[in-house]
Amino acid sequence: MMESFVPAILSLTRSLARAGAGLALAASSALAFAQGPSGASADIVKRGEYLARAGDCVACHTQPGDKLFGGGRAMPTPFGTLYSPNITADNETGIGKWTADEFYRMMHTGRSRDGSLLYPAMPYGAYTKVTRADSDAIFAYLRSVPPVHQPNRPHEMRFPYNNRELLLGWRTLYFREGEYQADPTRSVEWNRGAYLVQGLGHCSMCHTAINALGGSSESKAFEGGLIPMQDWYAPSLTSNKEAGLGDWSIEDISDLLQKGVAKRGAVYGPMAEVVYDSLQYLSDDDVRAMAVYLKSLPQHGGDNGANGKSAMSGEERALLVRLGAKIYDAQCATCHGKRGEGKLPDFPPLANNQSIQMTSAVNPIRMVLNGGYAPGTMKNPAPYGMPPFAQSLSDEEVAAVVTFIRTAWGNRGTPVTAKEANALRSATLN
Amino acid sequence: MQARVLACAACHGAKGEGTDNDYFPRLAGKPAGYLYNQLIAFRDGHRQYPPMNYLLAYLPDAYLHRIAEYFASQRPPYPPASTPAIPASLLARGQQLAKLGDPSKDIPACASCHGAALTGMEPAIPGLLGLHADYISAQLGAWRYGTRKSYAPDCMHEVASRLTNDDITAVAAWLAASPGPANPAFAPAGSLKMPLRCGSEPQ
């Protein structure tokens, strides 16, 4: 019911919808055809726009409701607040003076035009895999967008993180430069999917645990992790106990990515934003390629046996489950079914739903507290929504009903305490 | 559509009739243009209330239109009028402001824009009945301090800035104490000559 992947690292508290930006993008693409940057054909600009969608540039480089790619969006991190730069073609405040070479070097090596090291909130660890041709197309597209004169806002990083030289150490540990290398033993489709997932999609920024240094280890790629500052858990893509996709059909994975809903669940929270801003615009072929690659990820990790074990006493647990069952029957069963079977396609099943049973109970607790709509997409323009219960259920009741759905009908999650429920009441909502 | 808006019903009631919570307003029967403007403002963060901002963040315009039209078309009964907990003199001041305004302070009557029956005017002026006094006074406060804004010219900011704290208490209590209208229909667009220019209701 609730996957949540996210594009950007160190996580942007996502404020609000970006529909305004979406409109601006549509308008600007018309402009792009008309003007085109010097030397770039309309075809390349159009391809660049598509690739910029795949890279979800808009999520960080556009303030909700403000001018496209004008930057200035606050990105709170555990180390301070970063502000995304203006990436329009404005000469003074944007990237108007950049060349395609410099743009590629930035994407590929994480160094800005003046040679300074970029904070890894810019996902160059992923973008380094982007080909020169794709980088050039994105650059041509960015040059075609109306320039915005808006000076960059200085970052507010705490000492010692305000010293960018420290990034040299971070890079040594976590950054591997290099374009995507096709695996000749795999299909063209698989390689296309791997290129998109590892490169522009920068999925690993959230779906790989981030350690205290803000780094993520390649050996743990796609094993999931709590997204800092956002309090959503990005599930493992390599464990069938979480969002591992090994036993999902290609169609269900594609639907989840492109429509935002599938027979196995729907996206909420940060992943809803990714679908809304980025994945819904990708072609059926590209989405399918991503699904093929994701399904093929080796299944490991996450099988740490935590499921079913908990410090809670049997008696306490029995009490919670009894209360939870009562709440479930009264509040949840109408939509999710007496046996958690859901009512497809609109109300996701809770029985045998991986995201309910994951070791981390953050997502199910948040869904009960805050509710949520799946994103409105071209293929699912009028999604159904889960009501919030923060205003009507106590901490103990939230813990009870989440414990119930995590353990009923053969689900093998652990019980949840009122304290865990309470802690998430103050989670950032936007 | 009712099943699609279950997420709204938790706080606003199945048909948007409101609940006993002071701060979750009645939506039913408010003109669709008004409801749509609010949905967009919450989605884009121009009107701040994190639970609403969060719920609407990834919903496209066309769907927000449908949601607005759904609640605009609902006609659930109005709640029983509340018994005001304020002195009769203050209540009388509230009635005066709502029906006649206070020309000496350049305060227009609520009725001059929201309709003689206070049921609102199409496309985007809301009805004022069936709301809790605390909700109304909180909104007037927010208009006054600029934490709630509308399209320029922001007429409600101007009006709220001319009200004293007692005026706000008075008019909120009087509105909340008024019974539901006999006919809940809102006034047709352009049927009232508005005393102020309003960005959300161009005339």
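## Contact between chains A and B

In this predicted model, 28 residues of chain A are in contact with 25 residues of chain B, two residues being in contact if their C-beta atoms, placed from the backbone, lie within 7 Å. On the side of chain A that touches chain B, at least two residues each come from α1 (19-35), α11 (270-277), β8 (372-373) and β9 (385-386) of chain A, and α11(A) gives the most, with 3 residues. Helices (H or I, at least four residues) and strands (E, at least two) are DSSP runs, numbered from the N terminus.

The residues on this side of chain A divide into 16 nonpolar, 11 polar and 1 charged, where Ala, Val, Leu, Ile, Met, Phe, Trp, Tyr, Cys and Pro count as nonpolar, Asp, Glu, Lys and Arg as charged, and the others, Gly among them, as polar.

## Backbone exceptions

Most residues other than glycine have a negative phi, and most peptide bonds are trans. A:Asp56, in the loop between α2 (42-55) and α3 (57-61) of chain A, has a positive phi near 55°, and A:Phe69, in the loop between α3 and β1 (74-77) of chain A, has a positive phi of about 65°.

A:Asp56 is buried, with 23 C-beta neighbours inside 10 Å, and A:Phe69 is buried with 31 other C-beta atoms within 10 Å; buried means that 20 or more other C-beta atoms, placed from the backbone, lie within 10 Å of the residue's own.

The peptide bond from A:Phe159 to A:Pro160 is cis, with omega near 0°.

## Basis of the model

Residues are numbered from 1 along each chain as its sequence is written, and chains are lettered from A in the order in which they are written. Because the model is predicted, local features need pLDDT of at least 70 and side-chain atom pairs count only at pLDDT 80 or more, while totals for chains, interfaces and linings use all residues.

Notes: Buried ≥ 20, exposed ≤ 12 C-beta atoms within 10 Å, placed from the backbone.
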